[in-house]
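Work through the exercises below with the structure in view. Try each task before reading its solution.

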Amino acid sequence: MKKTAWLLALILLVGTVLTACGGGDSKSSGGSGDGKKPETVRVGIFKNVTHAAGYVALENKYFEKYWGEGVKVEVTAFDNGSDFSTALATDQIDLGFVGPGPSTNQYLKSKNFKVISGSNNGGAVLAVRKDAGISSVKDLVGKTVAIPTRGSTNEISLRLLLQQEGLKVTTDKSGVEIIARAPADTLVAMRQKEVDATLIPEPWGTQMEKEGIGQILVDWDKIPPNNGNYPLTILVASDKFLKDHRDMAKGAIQANIDAINFIKSNPDKSYDLINNQLKKLSGKGLDNELIKAALSRLNLTPDVSKEAIEEMAKVSIDAGFIKNVKKEELDLSKFLDLSLLDEVKKEKK
C-alpha cells in the first residue's frame with residue numbers, strides 16, 4: 001500500500017509540473033489569464049507624425065522601462081484606423097495608438113477593447129490645391145476632397161466643417177464629393193490635379209505648401225470639433241490585455257506620458273527620434289523641418305474628451321459608418337476606462 005501511495009503521489013507531482021510548464025502560449029500576451037508577464041507585447045501605431053508620443057516612447061524604450069527588459073515590444077505599423085481597429089478586435093495586437101473615429105465604429109461592433117488614455121489632440125489641416133480656385137470652405141462646392149480612409153477621424157472632422165458652412169456631401173457638383181486616398185497617394189493626386197483639397201494629418205499639409213502645390217486653408221486649431229482640441233490620437237488596449245496585464249497597461253500609459261513630456265521639454269532632440277521610427281515603420285524618413293512644423297500643430301496630452309468622441313460618433317451614425325445604433329441610444333460609457341490614467345496622474349503628483 002505504501003508503494004502504491006508513493007507512486008500516486010509521484011504521478012500527481014509530475015502532472016502538476018507538466019501543466020504549469022505547458023499551459024498556454026507564453027510568447028503572446030493573448031490569453032493565459034494567469035497574470036504572468038508575456039514574453040511579447042504587440043503594439044500598433046500609424047505612420048503619422050501625429051503619433052509622435054508613441055514614436056518617442058518606442059525610441060527611448062519607455063515601454064521596456066515599465067514592462068521590464070525581458071518583454072519584447074513587437075510593433076505593427078498601420079496605414080489607417082480601420083485596419084488597426086480590426087487587428088485589435090481580432091487579437092492580432094494588444095494595444096496601441098489610433099484615432100477615435102474608426103476605433104469607435106469597431107468598438108460598437110465588437111465591444112472588446114477600451115480607450116485608456118489620450119496622446120494627441122488635433123494636428124489635421126484642410127489643404128487646398130493652389131490653382132483650384134478655393135479661397136474659403138464654401139468654395140468646396142463642386143470640388144473633390146480627399147480623406148485618408150472612410151470613417152476616419154479626418155473624414156468626421158471634414159463633415160463637421162462642411163456642416164458648419166451649410167454644405168452637403170454629394171457625388172455630383174451640387175455639393176462636396178469626398179473620396180478616400182492614403183496620404184502619400186493624396187500628395188500625388190494633388191500634383192496631378194485629381195483632387196482639389198484634402199483634410200489630412202500633418203505633416204502632409206505642410207509638405208504640400210513646401211512643394212508649392214497647395215496651401216493650408218483651415219489650420220489645425222480651426223478644425224472641428226472644439227477648434228482642434230479634439231482627440232486625434234488615443235491609446236487603446238484590448239479587454240483581454242487589461243484583464244490579464246492591467247499593470248502593464250498602466251505602464252503603457254506612463255510610457256506615453258513620459259514621451260509627451262520629453263517632446264515638450266526637448267523638441268529639438270525629438271525630431272531625430274521621430275524620424276528614426278518613421279524610417280523603421282515606413283522605410284522613409286522626413287526632413288526635420290517638416291517634423292518641426294507638424295509638432296507645432298499638435299496638442300500632445302493624455303487627457304481625453306468623452307464629449308468630443310461622442311460628437312464624432314454621432315456624425316459617423318449620420319454618415320452610415322455606424323449602423324444599427326440611433327444617436328439618442330448611443331452609449332460609450334464603457335468604451336473609455338480612464339481609471340488607470342487617473343492612478344498614474346495621482347502617483348506623479
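Buried means under 20% relative accessible area, exposed over 50%, and partly exposed in between, with a 1.4 Å probe and protein chains only. Helices (H or I, at least four residues) and strands (E, at least two) are DSSP runs, numbered from the N terminus. This is a predicted model, in which local features need pLDDT of at least 70, side-chain atom pairs count only at pLDDT 80 or more, and totals for chains, interfaces and linings use all residues. Residues are numbered from 1 along each chain as its sequence is written, and side-chain values use heavy atoms, with hydrogens and water left out.

**Exercise 1. Confidence**

Task: State the mean pLDDT of the protein, and find where the pLDDT is below 50.

Solution. pLDDT is the predictor's confidence in each residue, from 0 to 100. Its mean over the protein is 90, and 90% of the residues reach 70 or more. Residues 1-33 have a pLDDT below 50. Where pLDDT is low, the predicted coordinates should not be read in detail.

**Exercise 2. Helix α10**

**Exercise 3. Nonpolar cores**

Task: Which residues have the most contacts inside the largest nonpolar core?

Solution. A nonpolar core is a set of buried Ala, Val, Leu, Ile, Met, Phe, Trp, Tyr and Cys residues joined through side-chain atoms within 4.5 Å. The largest one has 45 residues, and Phe63, Trp67, Leu95 and Leu295 have the most contacts inside it. Helix α10 gives the most to this core, with 10 residues. A second, separate core has 26 residues, including Ile134, Val145, Val176 and Leu199. Now take tryptophan 67, where contact means heavy atoms within 4.5 Å. Leaving aside residues up to four places away in sequence, the residues that tryptophan 67 touches include Leu95, Met248, Gly251 and Ala252.

**Exercise 4. Aromatic pairs**

Task: Why is the pair of phenylalanine 46 and phenylalanine 84 classed as it is?

Solution. Rings of Phe, Tyr and Trp (its six-membered ring) pair if their centres lie within 6.5 Å; planes under 30 degrees apart count as stacked, over 60 as edge-to-face and the rest as tilted. The whole structure has 6 aromatic pairs. In the pair of phenylalanine 46 and phenylalanine 84, the centres are 6.2 Å apart and the planes are at 70 degrees, so the pair is edge-to-face. Phenylalanine 46 lies in strand β1 (residues 40-46) and phenylalanine 84 in helix α4 (residues 81-89), so the pair ties together parts 38 residues apart in sequence. Phenylalanine 46 is buried, at 9% relative accessible area, and phenylalanine 84 is buried at 0%. Ring pairs also link Phe46, Phe78 and Phe84 into a cluster.
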